[in-house]
Each structure stands twice: as C-alpha cells, then as structure tokens.
Amino acid sequence: MSKIKDKKSSSGISRRDLLKGAAAAVGTAAGSGAITGFPTIWAQNIQNVTLNHVGSVYTTNPLVAEEANKQLGFTINMQTLDTTSQMNRLLAQPETIDIADMGNPSLKYFVGKDTLMPIPINEYKWWDKTLPLWVDGTYANGEQASRQGFAPILSAYYADETGLEWSETPTDWLVSIPLVTNADTFGIRPDLINRPIESWAELFNPEFSGRVALQDGVNVGVPDAAMALEAMGDVQYVNKGNMTIEEIDKTIDKLIEYKRAGQFRSFWTTFDQSVQLIASGEVVLQSMFSPAVTEVRTRGIPCIFQGLKEGYRGWAISAMPLRHVTQDPLKRDCVMEYLNWMNSGWYGAYISRTGYYTSVPDNAKPLMTENEWGYWYEGKASTDDIIDPYGKVMEKAGVVRDGGGIWDRMGNIAIWNTLMDEDRYLVRRWQDFIAA
Amino acid sequence: MTFSPRAASWLQATPFMLIMVFLVIVPLVIVFVASFMDYGFAEVIPVLYWGNYLDIFRSRLTWDLYATALRMLVIVWTVTLLLGFTIAYYLIFHVRSNFWRAIFLMACAIPFWTDGAIRMISWVPLLGREGLVNQALMGMGIIEQPISWLLYSEFSVVLVYINMLTLAMLGPIANSMGKIDYSIIQAARDQGAGEWQIITNIIIPLVRPGIAIGSIFILTAVMGDAFIVKMMSGNQVNTPAGAIMTEIAAFQYPPAAAKSVVMLVLVIGVVATILRVVDIKKELAR
C-alpha cells in the first residue's frame with residue numbers, strides 16, 4: 001500500500017487524477033443545481049444520497065419525482081401509500097422513511113412519540129411567504145380563521161426543540177412544511193337537480209332521499225354530516241370539529257335516523273368510487289374532492305363543486321422529516337434542501353393546475369400564465385383553455401372557477417378535516433351507524 | 001451423509017414448523033396479548049385492560065354484527081350448496097366426455113380472471129339504478145320505478161358472495177363425487193332405484209366430506225371478508241370483520257385484536273364441530 005502511495009507522490013499529479021478532479025467539479029456543479037439555477041453549493045457526495053419520501057397521491061407522483069430528481073443533486077425515491085399503510089409503517093418502521101406527508105389531522109398520532117424531526121424555522125426559506133392560515137391562523141384579511149376541526153395553525157409550531165408538544169402561538173420550531181390546502185363542499189349534478197343548491201342542509205333534504213352519499217369515515221364524513229345537521233338545526237355544537245361525547249351521541253343518533261329513512265345511497269372510500277357514484281347518476285349530491293369533480297366533468301357529465309352559504313370544509317397536507325435523519329448531517333441537509341425545493345415554485349405551480357392551492361402561492365405565480373393564475377387563484381374568467389399538468393384541457397375560455405378566488409374559498413372555512421379528542425368514542429358510535 | 005429416520009423426519013418437518021411458528025403462532029400470540037391492552041392515538045398502552053372484551057360482550061352492536069353475518073352466511077351457504085351440488089352432479093354424472101368436463105369446470109373460474117376491485121366496480125353498471133337490470137325490467141314494463149336495493153344493500157353483498165364462492169363449494173363436492181365408484185350407482189339402478197333415490201341414498205352420504213370442506217371454505221370466506229361487504233354495501237352493512245377493519249383504519253389495535261380473538265374462537269368452534277360430524281381425514285386419505 002505504502003509503495004503505491006510513494007510512487008504516486010513521486011510522480012506528482014497524474015493525468016488520471018486530473019480527470020477525476022474535473023469530473024468531480026462537473027458533478028458538484030450539476031449536483032448543486034447550479035445548472036438549473038438552484039443556488040446552493042454542495043459537496044460532491046450528495047449524489048449518493050437517496051431520500052425516501054412516502055406520502056399521498058397529491059405529492060408522491062411520478063411527475064414530481066422526475067422534476068425533483070432533475071433539479072436536485074440527489075435522488076428522491078417516492079412511494080404513494082394509503083393513509084393506513086403509511087401510518088403503520090411510520091409507527092413500526094420509521095427508519096425506512098425519510099420524509100412523510102399527510103393530512104394535518106394525522107399529525108395528532110405523533111404527538112409525544114418523538115418520531116418526527118422538529119424543523120428550525122430559520123432553515124425553511126419560505127415561512128414569511130406562506131399562507132397566513134399556517135403562519136398565524138388568520139385569513140388574508142387578518143381575521144382569525146376557523147378553529148373548528150384541525151385548523152393548520154393548531155399543529156404549525158412546537159413549543160420547543162424537543163418537539164413533544166404543540167404551540168398555538170408562533171415559536172422557532174415548525175411541526176411540518178405546509179404543502180397543499182383546499183376547501184371542499186359537495187359535488188352536485190345540476191342537470192339532475194335543476195335548481196340552485198345553497199346550503200349544507202340539502203344533504204338531508206327528503207327531496208334527494210336515496211340519492212346522496214358521504215365520504216366514509218370519521219375524519220371527513222362526520223364533519224360533512226355535522227355541517228348539514230347544524231344547518232338543519234338538528235344539532236347545536238360548541239365545536240363541531242371536536243365534539244363532546246354528548247354531541248357525538250346526538251350526531252350519530254340523527255344520522256341513524258336519516259339512514260333508516262333511506263337518505264343515503266352509499267358511502268365512498270376511494271376517489272374512483274366517488275367519481276363513479278355521481279357520474280353514473282346513482283347520487284345527485286355528495287361530499288366530494290375537487291379533482292373528482294373535474295374528472296366527472298372531463299367525461300362530459302355536468303358536475304358542479306358548489307360553494308355553500310355556511311362555508312367550506314377545509315383541509316391541509318404538509319410534509320415532515322423523520323427524527324432519524326438527524327443522525328446523518330448530510331442527509332439532514334438534503335432533506336431540508338428538498339423540502340425547500342418543494343415550495344420553491346415548480347411543485348406549487350403543478351399542484352395549482354390540479355385544483356389545489358400551494359402553501360406558497362407567491363413562488364408558484366411566476367411559473368404560471370396570467371390566464372392560469374387568474375382562473376385558479378383570483379376567481380377570474382379564463383381567457384384561454386385551462387390545461388391540467390398532463391396536457392388535458394380542463395376548461396374552455398370564459399369559465400370561472402366554482403366558488404371564486406382563493407380567499408373567497410379559503411377565507412370561508414366553517415370546519416377543517418379532523419381527528420377528535422373523543423376519537424375512541426366516535427369510532428365506536430360510527431360502527432353503530434354503519435350497522436344500523 | 002446419512003440421517004437416522006427420526007432425524008430425517010424432524011428435518012423434513014422443520015421448514016413447515018418454522019413457517020407455522022413465525023407466521024401463524026407468533027402473530028396470533030401478539031394479537032392475543034394486545035387484546036388485553038389499553039390504547040390511545042395510534043398507540044397500544046401496555047397495561048392490563050378488560051374494556052375491549054367487556055365492550056364486545058356488553059354491547060348490542062356485537063349481536064347485531066353477528067346476526068347480520070349469520071343471516072348472510074346461511075343464505076350464501078344454502079344457495080352455494082344447491083348450486084354447487086347441482087352443477088357438480090351434472091358435470092360428474094351427465095357430462096360423459098372428460099374434455100368437456102374440464103372445459104366446464106374451467107368456465108366456472110371465469111369470474112376470477114379479473115382483479116377484485118374491477119369486478120366490484122363493474123357491478124355498478126349492471127345493478128345500479130341506471131343499470132342494465134333496471135333498464136331491462138323497466139323496458140319490459142315489469143317495474144315503473146328503478147329498484148334501488150339491487151345495489152348497495154345486503155342483497156348485492158350476498159349476490160357477490162354467491163358469485164365468488166360457488167366454486168369453493170362446487171370444487172370439493174365434484175371431487176368427492178368423482179371418487180364414487182360408478183358400479184355402485186349401476187347396481188342401485190339395476191335394483192330399480194330412481195334418480196332421486198340414488199341421489200338421496202347414495203350420492204349425498206358419499207359426498208358429505210366434500211360438502212363439509214366446501215362449507216368450511218364458505219364459512220371462513222364470509223366471516224373473514226371485509227372488502228366485498230364494504231364495496232358492495234357502499235359501507236352500509238357492518239359485519240364483525242368490517243368492524244375490525246374500521247378499528248384498524250382508526251389505529252385502534254387492542255379492540256380490533258379482541259374482536260379478532262372472539263371471531264377466531266367462534267370460527268374454530270364451528271369448524272371443529274363440522275370436522276367432528278364428518279370424517280374429512282377419511283376423504284383426504286382415499
């Protein structure tokens with residue numbers, strides 16, 4: 001060994017060494033993202049870093065993975081899992097995942113478990129540009145946003161760097177990096193209803209007996225039902241996003257009554273089922289997600305995502321690094337770099353074109369056309385075709401988005417997707433409801 | 001290298017034993033232990049807690065769930081038995097050519113050529129309110145309003161069970177029938193027995209092991225299913241297995257474990273009873 005070394009030092013820098021050095025320099029440049037304009041300089045060895053990002057369909061998508069790998073110097077390995085499998089893996093084998101993203105209510109499962117890495121606020125570049133829903137729990141006009149259900153502000157900050165408790169007032173430690181948010185109501189078939197729908201109460205209107213559906217589950221279906229029950233005047237709530245035992249009983253009893261009277265056609269679990277139900281005309285009104293409405297419409301079937309006077313059901317998805325990545329400083333840096341990249345613009349523009357809002361619209365705006373920005377964010381009529389990320393025409397010119405601009409929708413949240421404190425009791429009673 | 005016969009048989013049994021221990025016994029023990037624990041948000045709290053079992057035995061829900069499952073089971077069992085027996089009888093005693101018998105048996109498996117989820121979704125255009133069946137019935141003037149209980153009801157769940165499970169009953173019965181010595185039937189016929197007498201006095205007693213095996217398949221399939229019942233009822237019919245799934249989806253493992261233990265005990269009890277009444281070993285040994 002020493003012999004070889006001697007020989008090398010005696011002959012000075014060989015041609016081979018020179019080549020290696022040049023390759024490394026090129027590699028560093030490519031790896032730093034300098035070529036694509038991403039400004040941080042990185043060590044060459046980030047090329048060997050692979051991050052496992054396991055999340056929802058909204059984020060872990062081949063299009064996003066391809067772009068991330070193009071723009072970043074390391075490899076992002078994406079996997080899409082349903083909530084149950086993802087959660088089981090996060091709890092049982094957290095070391096197999098570096099970054100996870102999930103709906104905000106799921107964050108509650110991690111309180112006090114020390115599985116996630118608290119994020120120092122100064123390492124996240126876009127916090128001051130993030131929608132105020134996360135930053136201080138307000139709407140754009142400064143008014144306090146609804147805290148019924150799992151409002152983003154409730155799980156935005158950790159009390160301190162241990163990450164064991166949340167704080168409702170701003171601190172220097174973030175729980176997660178906000179990615180996507182949106183406001184839902186229900187999808188309707190205007191051709192089969194033939195009159196305006198303005199209130200959540202219509203969900204239980206006998207006129208639609210046997211022709212309505214709800215999302216199946218206590219995190220979305222129950223909030224939707226609570227909106228309708230409250231609008232009907234059937235049940236009064238203090239906080240319908242976090243019910244008391246008594247409120248749960250009243251809610252489920254009422255729901256059982258409506259079920260026995262034949263109000264519900266079905267309860268759906270998957271995106272495809274919700275599309276199938278309304279596209280086939282089995283239901284004319286149901287809780288629904290925005291892209292499902294679009295999917296129905298692209299089949300040439302009229303379907304409207306209806307704004308309602310009582311407000312919207314809001315939801316949010318955010319991403320968080322796992323605690324174990326801090327053991328490897330290089331990996332940890334790459335994780336932060338990746339999370340900063342997620343909200344640097346490309347992904348924001350991509351997700352906006354599917355009908356959701358990015359948490360940092362300012363960064364997405366330069367990458368969207370004026371027509372797109374006006375349609376998706378400002379509630380303006382489209383001036384040209386609206387194209388989805390896959391090149392399919394979603395809307396023609398002259399169409400206004402249902403519900404209007406971002407703050408017409410996100411500024412009018414009545415309840416957020418939720419995981420209630422009395423979840424144990426609610427799941428128990430939900431079983432009674434399914435069995436009834 | 002040579003082994004004593006004793007060592008050789010131990011060695012031969014080892015792989016299966018390992019599989020049984022690590023993939024069956026150990027998980028079952030974990031489930032059993034977890035069923036006695038308390039729980040929080042997606043966590044099992046390791047303290048002794050009887051609440052999971054008390055809740056099962058005290059609540060009205062348990063009875064409702066088992067009543068629903070039992071009702072569906074009885075219907076599915078009866079129909080698949082009738083269908084399975086009749087089809088097997090036709091295939092074994094009336095289809096003379098082995099070639100056609102194989103073709104017909106294969107045709108029975110056609111429902112399984114596609115993926116389960118696709119199969120579930122494809123029932124909608126058939127049974128839905130705007131579906132083919134309703135359109136046909138309305139076209140023929142038999143009904144004026146579409147029938148809505150064809151889909152997202154107990155009826156649709158039972159229908160799909162029958163569609164999926166008839167083969168599980170047919171197979172073992174056909175297998176038992178195939179082993180019946182044809183000369184016995186010939187002898188009965190020579191003595192002047194009619195077809196019905198042959199079926200009731202000879203064939204049914206001889207295919208009892210096949211019926212027993214088929215029944216065990218049906219029992220375990222219906223009791224263990226949460227997917228079909230969820231899809232075909234639009235989440236409006238709840239069964240013991242469905243309740244377990246709902247709790248797992250809410251990350252409430254201990255009550256799900258307790259319900260699993262209760263169900264396992266019940267199913268094993270029924271299977272043991274069937275095995276006691278019918279000697280399947282004799283059938284398998286033949």
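Guide: Buried means under 20% relative accessible area, exposed means over 50%, and partly exposed lies in between, with a 1.4 Å probe and protein chains only. This is a predicted model, in which local features need pLDDT of at least 70, side-chain atom pairs count only at pLDDT 80 or more, and totals for chains, interfaces and linings use all residues. Residues are numbered from 1 along each chain as its sequence is written, chains are lettered from A and ligands numbered from 1 in the order in which they are written, and side-chain values use heavy atoms, without hydrogens and water.

Visitor: How many aromatic pairs are found over all chains?

Guide: A pair of aromatic rings is described by the distance of the centres and the angle of the planes. Rings of Phe, Tyr and Trp (its six-membered ring) pair if their centres lie within 6.5 Å; planes under 30 degrees apart count as stacked, over 60 as edge-to-face and the rest as tilted. The search of the whole structure finds 34. One of them, A:F150 with A:W166, is edge-to-face, at 5.8 Å centre to centre and 90 degrees between the planes.

Visitor: Is A:F150 buried or exposed?

Guide: A:F150 is buried, at 7% relative accessibility, while A:W166 is partly exposed at 24%.

Visitor: Which pair is stacked?

Guide: A:W346 and A:Y350 are stacked, at 5.7 Å centre to centre with 5 degrees between the planes. Both lie in helix α12 of chain A, 4 residues apart; helices (H or I, at least four residues) and strands (E, at least two) are DSSP runs, numbered from the N terminus. A:Y350 is buried, at 5% relative accessible area, and A:W346 is partly exposed, at 23%.
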